[in-house]
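Good morning, and thank you for making the time.

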Amino acid sequence: MVAVIRDFSGCGVFAQHSACTHEEYNAPGTQFAPNLATIGVEWARKAPGTIPAGARAAAQPFQPTGRRITLYLDRLMPILESRSDPSAILGHILAHEIGHILMGHNAHSAGGLMKAFWTAYEQEDMSRRLVQFSERDAETLRQAVDRRFTVLASSR
């Protein structure tokens, strides 16, 4: 398997994609020191009625381990099939949901990667340039990850 390691949307946090074992997927975590080494991502055929109409995925930022991101095929397929480069928007959706997990909250921003809903223009532009975290979100993400690793290290 090829592992991709890159700066997570320009904020100094690095992410790697790879398959994991059952043990890694369910590695122990707590509310204050979640398992940030493995974030489970799963596909669902249909979004439940409790998910907002425009949402294509959902994150469980308060769940410390296991499946924490769900991608909804019924919401994703129409937009992915209409794009010449569907990987661009799917990558941004995953980065947005991973942002929720790493920051440990489900809030959205007025702009940038953590915006609740992107306009059609923003989505089309994703194949040409990466949408970044806002400066505020990038700093929040760095602080949250640093704080969680500090808690984890002090508990050993």
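Helices (H or I, at least four residues) and strands (E, at least two) are DSSP runs, numbered from the N terminus. This is a predicted model, in which local features need pLDDT of at least 70 and side-chain atom pairs count only at pLDDT 80 or more, whereas totals for chains, interfaces and linings use all residues. Residues are numbered from 1 along each chain as its sequence is written, and side-chain values use heavy atoms, with hydrogens and water left out.

Let me begin with α3. This helix is mostly covered, as 13 of its 18 residues are buried, that is, under 20% relative accessible area with a 1.4 Å probe and protein chains only. The expected span of a helix is 1.5 Å times one less than its number of residues. For α3 that gives 26 Å, which agrees with its end C-alpha atoms, 26 Å apart. Gly 104 follows α3 and has a positive phi, near 75°.

I turn to the nonpolar cores, each a set of buried Ala, Val, Leu, Ile, Met, Phe, Trp, Tyr and Cys residues joined through side-chain atoms within 4.5 Å. The largest has 24 residues, of which Ile 93 and Phe 133 touch the most other members. At least two residues of this core come from each of β4 (57-59), β5 (67-72), α2 (73-81), α3 (86-103) and α5 (135-154). The greatest contribution, 8 residues, is that of α3. Another core, of 5 residues, lies apart from it and includes Ala 47, Ala 55, Ala 58 and Tyr 72.

On a 1 Å grid over the protein atoms alone, a cavity is a set of points where a 1.4 Å probe fits but cannot get out; a pocket is an open set with protein on both sides within 12 Å along at least five of seven lines; lining residues have an atom within 4 Å of a point. Which helices each supply at least two residues of the lining of the largest cavity? They are α3 and α4 (120-125). Among the lining residues are Arg 83, Asp 85, Ile 89 and Glu 124.

Finally, the second largest pocket is lined by 22 residues, and Ala 55, Ala 57, His 96, Glu 97 and His 108 are the closest to its centre. Both β4 and α3 supply at least two residues of this lining, and the largest share, 4 residues, comes from α3.

How values were computed:
Buried < 20%, exposed > 50% of the residue type's maximum accessible area, 1.4 Å probe, protein only.
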